[in-house]
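Here is a briefing on charged side-chain pairs. Look over the sequence and the model before reading on.

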Amino acid sequence: MKPSKDAPGPFSWSGIREAIQFRRHPIVFLQDLSQRYGDVVHFRLGWKHAFLLNHPDLAQEFLVAHASKHSRGPVMQRGRAVMGEGLLTSEEPLHAAQRRLIQPAFHRERISHYATVMAEYSSRACRGWHSGQVLDLHEEMMRLTLSILGETLFGTQIQEDAREIGEAVTELMSLVDLVFVPFSRYLTHLPLPGMGRLKKVRMRLDRFIYGLIDERLRSGEERGDLLSTLLHRQLAEGNSAHALRQVRDECVTILLAGHETIANALTYALILMAQHPGHAQRLRAEVDQIAGHGELDADDFDQLVFTRGVVAECMRLYPPVWILGRTITQPCSVGPYTAPAGSILFVSQYLLHRDSRFFPEPTTFDPDRFLERSQVPRFAYFPFGLGPRRCIGEAFAWMEGVLALGTMLRRWEIELLPQTTLVLDPKVTLRPKLPVLVRVTAVPKRDAMPRADAGERVLPSSGAHTEPRPTTRLAAGR
């Protein structure tokens, strides 16, 4: 093993310049580091040692083999100020215990039941559109995914609260920059403008979540959803403030993580479909062949081969969670080097997913690359993370993304307005920085085929009109 100081990277006494660059344009900064220094890059973020790992083998080593040697990264550590000790922010052994508690809500049987809600709410959302209407696509997708999450996991319709929750999420994302302020962990209780806004975000989310909890406790209903599971297990230990607080923390975490990420994925998927009408038409043909005159459901998921490929390719180009960071608690290997305890290690899905070594023509939108699993290198593609902290809602997100995208695109064509500029805002998630304005046009009615048999795998046809073409490179965080 070589000492960490021998790992290649920019030299800096203070790390202030690097911290500023990382804060302002994180994707550009990390892309530059990987291109200049290779697969293992050592740099400074203030007084902290940091390492960027840019190879699938290093991602596997870091997130799987060395999982016991690290704790949450600085963003999630600061995230406790809003999310508390939820699944995203908690450390072991609490994390493992809470994961076991929450896991039943995401079993395959439950997700199959949720599929009806996903398709119904997606259909209901786009039925409210009319031809020629101009929409903010990201806002629409945030509202849709929040509604689905509220009905499936919390057993309540929360459309009326969608705007307030969406504003709180946006505000929270804007405060992530506070992580890079020196001594930010000590600033929480000071009357600074950012800290005041952070407290208001927490109060808004608390008011909503504790309202759901109080309503469920008063009704005494056992609905079999996530909220009932959390209340039953936590309150079995006594109706204590601590138990209710833990329920609150898990609910806030699921609320924030469970709709923001898939809303981003759907937004980018619809943008890419607008840019690639041949693929959009191919997707419609697949949905029509499988669903016939009916709505999509859980049984259709496995047959929607091309639609799943579209969602996968969209998350390759624009992974909703674009980077993972951990703070290591003891020295550990990073390739041929050793990182000292206390170092921050980063691995970026955005960088690896666009690496030409693992994905030929990486800027080309080509869903067919996912139709043959063997073509996707192991550990090079991980939009939902790797290791023991892999996203617990991965299967839920796949089902929702495929059914929602298929439901909307079979009815509507999406046109990007000339003035629409997509600027990435890489915070905790990879979200659009500006409104995504589109015009929707109803797809002409077609003679739908009878619904395909459940056991019949429908292979989508290909044609010259769906040949892949380069996707426009977008400014990253500017």
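This is a predicted model: local features need pLDDT of at least 70, side-chain atom pairs count only at pLDDT 80 or more; totals for chains, interfaces and linings use all residues.

Residues are numbered from 1 along each chain as its sequence is written, and side-chain values use heavy atoms, with hydrogens and water left out. The whole structure holds 20 salt bridges (a side-chain nitrogen of Lys or Arg within 4 Å of a carboxyl oxygen of Asp or Glu).

**The network**
- Salt bridges link Asp206, Arg245, Arg248 and Asp249 in a network.
- Asp206 pairs with Arg248, with the closest N and O atoms 2.6 Å apart.
- This pair links distant parts of the chain: Asp206 is in helix α9 (residues 193-219) and Arg248 is in helix α11 (residues 241-275), 42 residues apart (helices are DSSP runs of H or I, at least four residues, and strands are runs of E, at least two, numbered from the N terminus).
- Asp249 pairs with Arg245 at 3.1 Å between the closest N and O atoms.
- Both Asp249 and Arg245 lie in helix α11, four residues apart, about one turn of the helix.

**Burial in the network**
- Asp206 is buried at 17% relative accessible area (buried is under 20%, exposed over 50%, partly exposed in between; 1.4 Å probe, protein chains only).
- Arg248 is buried at 0%.
- Asp249 is buried at 2%, whereas Arg245 is partly exposed at 34%.

**A loop-to-loop pair**
- Glu295 and Arg411 form a salt bridge, 2.7 Å from N to O.
- Glu295 is in the loop between α12 (277-291) and α13 (305-317), and Arg411 is in the loop between α15 (394-409) and β10 (412-416), 116 residues apart.
- Glu295 is partly exposed at 36%, and Arg411 is partly exposed at 23%.
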